[in-house]
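Welcome, and take a moment to turn the model around before reading on. The paragraphs below will walk you through it step by step.

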Amino acid sequence: MSILNFNQIPTKTTQEMIMDKSKILSTAYLEKNAPSIFAANPHKDRSAKYHFIPTAGVLDIFQKKGWLPVKVMEQRVNKEDKRGFQKHIVRLRNFDQDLTFKGNCIELVLVNSHDGTSAYQLHAGVFRIVCLNGMVVGDSLFPRISVRHHGQQEQDFIDVSYKIIEDVPKITEQISIMNSLQLAPEEKEGYAQAALALKYGEEQPPISYDQLLAPRRTADKADDLYTVYNTVQENIIKGGLFYRTGKGQYRHTRPVKSINEDLRLNKALWVLTERMRELKAA
(Lines give C-alpha, C1' and ligand atoms only; values in the text may rest on other atoms or scores of the structure.)
Protein backbone atom coordinates (compact mmCIF):
# COMPACT_ATOMS: atom_id res chain seq x y z
CA MET A 1 0.00 0.00 0.00
CA SER A 2 1.43 3.34 -1.03
CA ILE A 3 1.73 6.21 1.41
CA LEU A 4 -0.18 9.33 0.41
CA ASN A 5 2.23 12.25 -0.03
CA PHE A 6 0.32 15.49 0.55
CA ASN A 7 3.11 17.47 -1.12
CA GLN A 8 2.20 15.74 -4.38
CA ILE A 9 -1.48 16.69 -4.25
CA PRO A 10 -2.04 19.34 -6.95
CA THR A 11 -3.47 22.57 -5.60
CA LYS A 12 -5.12 25.39 -7.47
CA THR A 13 -3.00 28.39 -8.34
CA THR A 14 -4.13 31.86 -7.29
CA GLN A 15 -5.20 32.58 -10.87
CA GLU A 16 -7.22 29.35 -11.03
CA MET A 17 -9.01 30.24 -7.77
CA ILE A 18 -9.86 33.72 -9.01
CA MET A 19 -11.06 32.47 -12.39
CA ASP A 20 -12.97 29.51 -10.94
CA LYS A 21 -16.31 29.60 -12.75
CA SER A 22 -18.06 27.92 -9.82
CA LYS A 23 -17.95 31.38 -8.21
CA ILE A 24 -20.35 32.75 -10.83
CA LEU A 25 -23.73 33.51 -9.28
CA SER A 26 -26.68 31.82 -10.94
CA THR A 27 -29.84 33.62 -11.99
CA ALA A 28 -31.71 31.70 -9.29
CA TYR A 29 -29.27 32.97 -6.65
CA LEU A 30 -29.66 36.56 -7.84
CA GLU A 31 -33.44 36.29 -7.88
CA LYS A 32 -33.45 34.99 -4.31
CA ASN A 33 -30.89 37.40 -2.80
CA ALA A 34 -31.48 40.55 -4.86
CA PRO A 35 -34.87 40.39 -6.59
CA SER A 36 -34.75 44.14 -7.26
CA ILE A 37 -32.30 43.36 -10.07
CA PHE A 38 -35.18 41.83 -12.03
CA ALA A 39 -37.74 44.61 -11.62
CA ALA A 40 -39.78 44.72 -14.82
CA ASN A 41 -40.73 48.37 -14.38
CA PRO A 42 -39.76 51.37 -12.21
CA HIS A 43 -41.38 52.16 -8.88
CA LYS A 44 -44.83 53.73 -9.20
CA ASP A 45 -43.57 57.07 -7.81
CA ARG A 46 -41.31 57.67 -10.82
CA SER A 47 -42.51 60.30 -13.28
CA ALA A 48 -42.94 59.89 -17.03
CA LYS A 49 -39.51 61.54 -17.53
CA TYR A 50 -37.80 58.70 -15.70
CA HIS A 51 -36.08 56.33 -18.12
CA PHE A 52 -36.05 52.79 -16.81
CA ILE A 53 -32.62 51.10 -16.97
CA PRO A 54 -33.24 47.51 -15.85
CA THR A 55 -30.23 46.00 -14.13
CA ALA A 56 -31.04 42.55 -15.50
CA GLY A 57 -30.80 43.92 -19.03
CA VAL A 58 -27.45 45.58 -18.29
CA LEU A 59 -26.12 42.31 -16.85
CA ASP A 60 -27.11 40.58 -20.09
CA ILE A 61 -25.11 43.16 -22.04
CA PHE A 62 -22.03 42.72 -19.88
CA GLN A 63 -22.33 38.94 -20.07
CA LYS A 64 -21.74 39.16 -23.82
CA LYS A 65 -18.31 40.61 -23.00
CA GLY A 66 -17.44 38.03 -20.36
CA TRP A 67 -18.45 40.01 -17.25
CA LEU A 68 -20.40 37.75 -14.88
CA PRO A 69 -21.73 38.31 -11.33
CA VAL A 70 -19.69 36.98 -8.40
CA LYS A 71 -21.15 38.98 -5.49
CA VAL A 72 -24.41 40.82 -4.87
CA MET A 73 -26.00 42.89 -2.11
CA GLU A 74 -29.40 44.52 -1.87
CA GLN A 75 -30.23 47.53 0.32
CA ARG A 76 -32.75 47.07 3.12
CA VAL A 77 -35.99 48.99 2.75
CA ASN A 78 -37.87 51.11 5.28
CA LYS A 79 -41.04 51.26 3.21
CA GLU A 80 -42.53 47.97 2.14
CA ASP A 81 -43.74 49.34 -1.21
CA LYS A 82 -40.08 49.96 -2.17
CA ARG A 83 -39.24 46.28 -1.85
CA GLY A 84 -38.18 44.88 -5.19
CA PHE A 85 -37.09 48.31 -6.47
CA GLN A 86 -34.38 49.29 -3.96
CA LYS A 87 -30.69 49.99 -4.50
CA HIS A 88 -28.47 47.01 -5.23
CA ILE A 89 -24.80 46.38 -5.98
CA VAL A 90 -23.30 43.65 -8.16
CA ARG A 91 -19.62 42.80 -8.54
CA LEU A 92 -18.70 41.37 -11.94
CA ARG A 93 -15.59 39.47 -12.95
CA ASN A 94 -14.42 39.00 -16.53
CA PHE A 95 -14.00 35.31 -17.38
CA ASP A 96 -13.02 35.92 -21.01
CA GLN A 97 -9.91 37.97 -20.25
CA ASP A 98 -7.20 37.46 -17.66
CA LEU A 99 -7.36 40.56 -15.43
CA THR A 100 -5.47 38.91 -12.55
CA PHE A 101 -2.14 40.03 -11.10
CA LYS A 102 -0.23 39.05 -7.95
CA GLY A 103 -3.23 37.45 -6.26
CA ASN A 104 -5.59 40.28 -7.26
CA CYS A 105 -8.27 40.62 -9.91
CA ILE A 106 -9.88 43.69 -11.45
CA GLU A 107 -13.68 43.68 -11.15
CA LEU A 108 -16.54 45.84 -12.35
CA VAL A 109 -18.81 47.19 -9.60
CA LEU A 110 -22.36 48.00 -10.71
CA VAL A 111 -24.79 50.04 -8.60
CA ASN A 112 -28.39 50.77 -9.57
CA SER A 113 -31.91 51.15 -8.22
CA HIS A 114 -35.38 51.22 -9.70
CA ASP A 115 -36.96 53.57 -7.17
CA GLY A 116 -35.06 56.75 -8.01
CA THR A 117 -32.68 56.58 -5.01
CA SER A 118 -29.63 56.02 -7.17
CA ALA A 119 -28.29 56.77 -10.60
CA TYR A 120 -26.80 53.89 -12.54
CA GLN A 121 -23.15 53.75 -11.42
CA LEU A 122 -20.05 51.82 -12.47
CA HIS A 123 -16.85 51.61 -10.43
CA ALA A 124 -13.60 49.72 -10.79
CA GLY A 125 -13.02 47.14 -8.08
CA VAL A 126 -10.12 44.98 -6.91
CA PHE A 127 -10.58 41.49 -5.46
CA ARG A 128 -7.77 40.02 -3.32
CA ILE A 129 -7.88 36.24 -3.15
CA VAL A 130 -5.88 35.72 0.07
CA CYS A 131 -8.60 37.35 2.18
CA LEU A 132 -11.55 37.10 -0.24
CA ASN A 133 -11.63 40.87 0.07
CA GLY A 134 -13.37 43.19 -2.38
CA MET A 135 -12.17 46.78 -2.64
CA VAL A 136 -13.28 49.74 -4.74
CA VAL A 137 -10.80 51.92 -6.62
CA GLY A 138 -10.88 55.64 -5.83
CA ASP A 139 -12.29 58.15 -8.30
CA SER A 140 -8.87 59.75 -8.70
CA LEU A 141 -7.61 56.64 -10.50
CA PHE A 142 -10.82 55.40 -12.14
CA PRO A 143 -13.54 58.09 -12.13
CA ARG A 144 -16.96 56.76 -11.24
CA ILE A 145 -19.25 56.51 -14.24
CA SER A 146 -22.71 57.71 -13.29
CA VAL A 147 -25.64 57.61 -15.68
CA ARG A 148 -28.96 59.24 -14.96
CA HIS A 149 -32.03 57.30 -15.91
CA HIS A 150 -32.44 58.60 -19.42
CA GLY A 151 -32.00 57.03 -22.85
CA GLN A 152 -28.93 54.82 -23.06
CA GLN A 153 -27.67 52.58 -25.86
CA GLU A 154 -26.19 49.09 -25.51
CA GLN A 155 -22.87 50.30 -26.94
CA ASP A 156 -22.51 52.80 -24.08
CA PHE A 157 -22.34 49.96 -21.56
CA ILE A 158 -19.97 47.95 -23.75
CA ASP A 159 -17.67 50.98 -23.97
CA VAL A 160 -17.51 51.04 -20.18
CA SER A 161 -16.29 47.44 -20.06
CA TYR A 162 -13.56 48.36 -22.55
CA LYS A 163 -12.53 51.33 -20.43
CA ILE A 164 -12.12 49.12 -17.35
CA ILE A 165 -9.84 46.80 -19.33
CA GLU A 166 -7.87 49.72 -20.75
CA ASP A 167 -7.27 51.11 -17.27
CA VAL A 168 -6.04 47.82 -15.77
CA PRO A 169 -2.34 48.77 -16.26
CA LYS A 170 -2.86 52.02 -14.30
CA ILE A 171 -4.50 50.17 -11.42
CA THR A 172 -1.94 47.37 -11.30
CA GLU A 173 0.91 49.90 -11.40
CA GLN A 174 -0.43 51.73 -8.36
CA ILE A 175 -0.92 48.49 -6.44
CA SER A 176 2.62 47.36 -7.30
CA ILE A 177 3.95 50.65 -5.90
CA MET A 178 1.88 50.18 -2.73
CA ASN A 179 3.30 46.66 -2.41
CA SER A 180 6.86 48.00 -2.59
CA LEU A 181 6.51 50.67 0.13
CA GLN A 182 7.31 49.55 3.68
CA LEU A 183 5.66 51.40 6.58
CA ALA A 184 7.38 52.13 9.88
CA PRO A 185 5.38 51.44 13.08
CA GLU A 186 4.53 55.12 13.52
CA GLU A 187 3.38 55.34 9.89
CA LYS A 188 1.09 52.34 10.35
CA GLU A 189 -0.32 53.95 13.48
CA GLY A 190 -0.98 57.23 11.67
CA TYR A 191 -2.64 55.39 8.79
CA ALA A 192 -4.92 53.41 11.13
CA GLN A 193 -5.82 56.52 13.15
CA ALA A 194 -6.84 58.27 9.93
CA ALA A 195 -8.91 55.23 8.95
CA LEU A 196 -10.72 55.35 12.30
CA ALA A 197 -11.59 58.99 11.62
CA LEU A 198 -13.00 58.00 8.22
CA LYS A 199 -15.20 55.39 9.85
CA TYR A 200 -16.37 57.22 13.01
CA GLY A 201 -15.92 60.91 12.18
CA GLU A 202 -15.88 63.03 15.32
CA GLU A 203 -17.31 60.24 17.49
CA GLN A 204 -15.06 58.44 19.93
CA PRO A 205 -14.13 55.13 18.27
CA PRO A 206 -15.07 52.08 20.34
CA ILE A 207 -11.94 50.29 19.13
CA SER A 208 -8.27 51.20 19.02
CA TYR A 209 -6.05 51.74 15.99
CA ASP A 210 -4.01 48.61 16.75
CA GLN A 211 -7.18 46.50 16.37
CA LEU A 212 -7.49 47.74 12.80
CA LEU A 213 -3.87 46.77 12.17
CA ALA A 214 -4.28 43.23 13.54
CA PRO A 215 -4.10 40.77 10.60
CA ARG A 216 -6.68 38.00 10.40
CA ARG A 217 -4.27 35.55 8.75
CA THR A 218 -0.55 34.82 8.59
CA ALA A 219 -0.34 35.99 4.97
CA ASP A 220 -1.17 39.53 6.09
CA LYS A 221 1.67 39.81 8.59
CA ALA A 222 3.58 42.29 6.46
CA ASP A 223 4.37 45.98 6.65
CA ASP A 224 3.97 47.02 3.03
CA LEU A 225 1.35 49.68 2.34
CA TYR A 226 -0.92 47.45 0.25
CA THR A 227 -1.11 44.70 2.87
CA VAL A 228 -1.72 47.22 5.66
CA TYR A 229 -4.45 48.83 3.56
CA ASN A 230 -6.12 45.45 2.99
CA THR A 231 -5.92 44.55 6.67
CA VAL A 232 -7.46 47.83 7.79
CA GLN A 233 -10.13 47.75 5.08
CA GLU A 234 -11.14 44.19 5.93
CA ASN A 235 -11.37 44.91 9.66
CA ILE A 236 -13.55 47.97 9.04
CA ILE A 237 -15.85 46.47 6.41
CA LYS A 238 -16.26 42.97 7.88
CA GLY A 239 -16.41 44.08 11.52
CA GLY A 240 -16.20 41.56 14.34
CA LEU A 241 -13.70 43.52 16.45
CA PHE A 242 -14.44 43.21 20.17
CA TYR A 243 -14.61 46.15 22.54
CA ARG A 244 -15.97 46.95 25.98
CA THR A 245 -18.74 49.48 26.55
CA GLY A 246 -18.76 52.08 29.32
CA LYS A 247 -21.01 49.73 31.28
CA GLY A 248 -18.49 46.93 30.99
CA GLN A 249 -20.43 44.95 28.41
CA TYR A 250 -18.57 43.21 25.61
CA ARG A 251 -19.65 44.01 22.06
CA HIS A 252 -18.18 43.66 18.60
CA THR A 253 -18.19 46.03 15.64
CA ARG A 254 -20.82 45.30 13.03
CA PRO A 255 -20.06 44.59 9.38
CA VAL A 256 -20.87 47.36 6.93
CA LYS A 257 -24.08 46.33 5.18
CA SER A 258 -25.20 49.68 3.75
CA ILE A 259 -24.34 50.01 0.07
CA ASN A 260 -23.77 53.76 0.42
CA GLU A 261 -21.49 53.31 3.44
CA ASP A 262 -19.62 50.45 1.83
CA LEU A 263 -18.83 52.56 -1.23
CA ARG A 264 -18.03 55.66 0.84
CA LEU A 265 -15.58 53.87 3.11
CA ASN A 266 -13.97 51.89 0.30
CA LYS A 267 -13.41 55.02 -1.80
CA ALA A 268 -12.14 57.02 1.19
CA LEU A 269 -9.71 54.27 2.23
CA TRP A 270 -8.34 54.07 -1.30
CA VAL A 271 -7.76 57.84 -1.33
CA LEU A 272 -6.10 57.64 2.11
CA THR A 273 -3.80 54.91 0.80
CA GLU A 274 -2.95 56.97 -2.27
CA ARG A 275 -1.97 59.89 -0.05
CA MET A 276 0.27 57.65 2.05
CA ARG A 277 1.84 56.35 -1.16
CA GLU A 278 2.51 59.90 -2.31
CA LEU A 279 4.12 60.78 1.02
CA LYS A 280 6.33 57.70 0.98
CA ALA A 281 7.32 58.18 -2.65
CA ALA A 282 8.18 61.87 -2.21
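We will visit some charged pairs, then a helix, then the nonpolar cores, and end in a loop.

Please keep in mind that this is a predicted model.

Let us begin with charge. Side chains of opposite charge can pair when their charged atoms come close. Glu107 sits in strand β4 (residues 104-112) and Arg93 in strand β2 (residues 88-94), so the pair links distant parts of the chain, 14 residues apart. Are these two partners buried or exposed? Glu107 has a relative accessibility of 1%, which counts as buried, and Arg93 is buried as well, with a relative accessible area of 4%.

Next, look for Arg128, which forms a salt bridge with Asp220; their closest N and O atoms are 2.8 Å apart. Arg128 belongs to strand β5 (residues 120-128), while Asp220 is found in the loop between α7 (209-212) and α8 (225-238), so this bridge ties together parts that lie 92 residues apart in sequence. Arg128 counts as buried at 9% relative accessibility, and Asp220 is buried at 3%.

The loop between α7 and α8 holds another partner to find, Asp223, and the pair it forms with Lys188 in helix α6 (residues 185-200) links parts of the chain 35 residues apart. The closest N and O atoms of this salt bridge between Asp223 and Lys188 are 2.8 Å apart. Here the two partners fall into separate classes, with buried meaning under 20% relative accessible area: Asp223 is partly exposed at 35%, whereas Lys188 counts as buried at 17%.

Lys188 brings us to helix α6 itself. With 16 residues at 1.5 Å a residue, α6 should span 22 Å, and its end C-alpha atoms are 23 Å apart, which agrees. Which residues of α6 are buried? They are Lys188, Tyr191, Ala192, Ala195, Leu196 and Tyr200. These residues cover an arc of only 150° around the axis, so they lie on the same side of α6. What covers the buried residues of α6? The cover includes α7, α8 and α9 (259-281). After α6 comes Gly201, whose phi is positive, near 60°.

The largest nonpolar core has 54 residues, and among them Phe62, Leu212 and Val232 touch the most other members. Helix α8 gives this core its largest share, seven residues. There is also a second, separate core of eight residues, including Ile18, Val70, Phe95 and Phe127.

Our last stop is Asp81, in the loop between β1 (67-74) and β2. Asp81 counts as partly exposed, at 34% relative accessibility. Leaving aside residues up to four places away in sequence, Asp81 touches His43 and Lys44. Asp81 and Asp115 are 34 residues apart in sequence, and their C-alpha atoms are 10.0 Å apart in space.

Note on methods: Residues are numbered from 1 along each chain as its sequence is written. This is a predicted model: local features need pLDDT of at least 70, side-chain atom pairs count only at pLDDT 80 or more; totals for chains, interfaces and linings use all residues. Side-chain values use heavy atoms; hydrogens and water are left out. Helices (H or I, at least four residues) and strands (E, at least two) are DSSP runs, numbered from the N terminus. Buried means under 20% relative accessible area, exposed over 50%, partly exposed in between (1.4 Å probe, protein chains only). A salt bridge is a side-chain nitrogen of Lys or Arg within 4 Å of a carboxyl oxygen of Asp or Glu. The expected span of a helix is 1.5 Å times one less than its number of residues. The arc is that of the directions from the helix axis to the C-beta atoms. Contact means heavy atoms within 4.5 Å. A nonpolar core is a set of buried Ala, Val, Leu, Ile, Met, Phe, Trp, Tyr and Cys residues joined through side-chain atoms within 4.5 Å.
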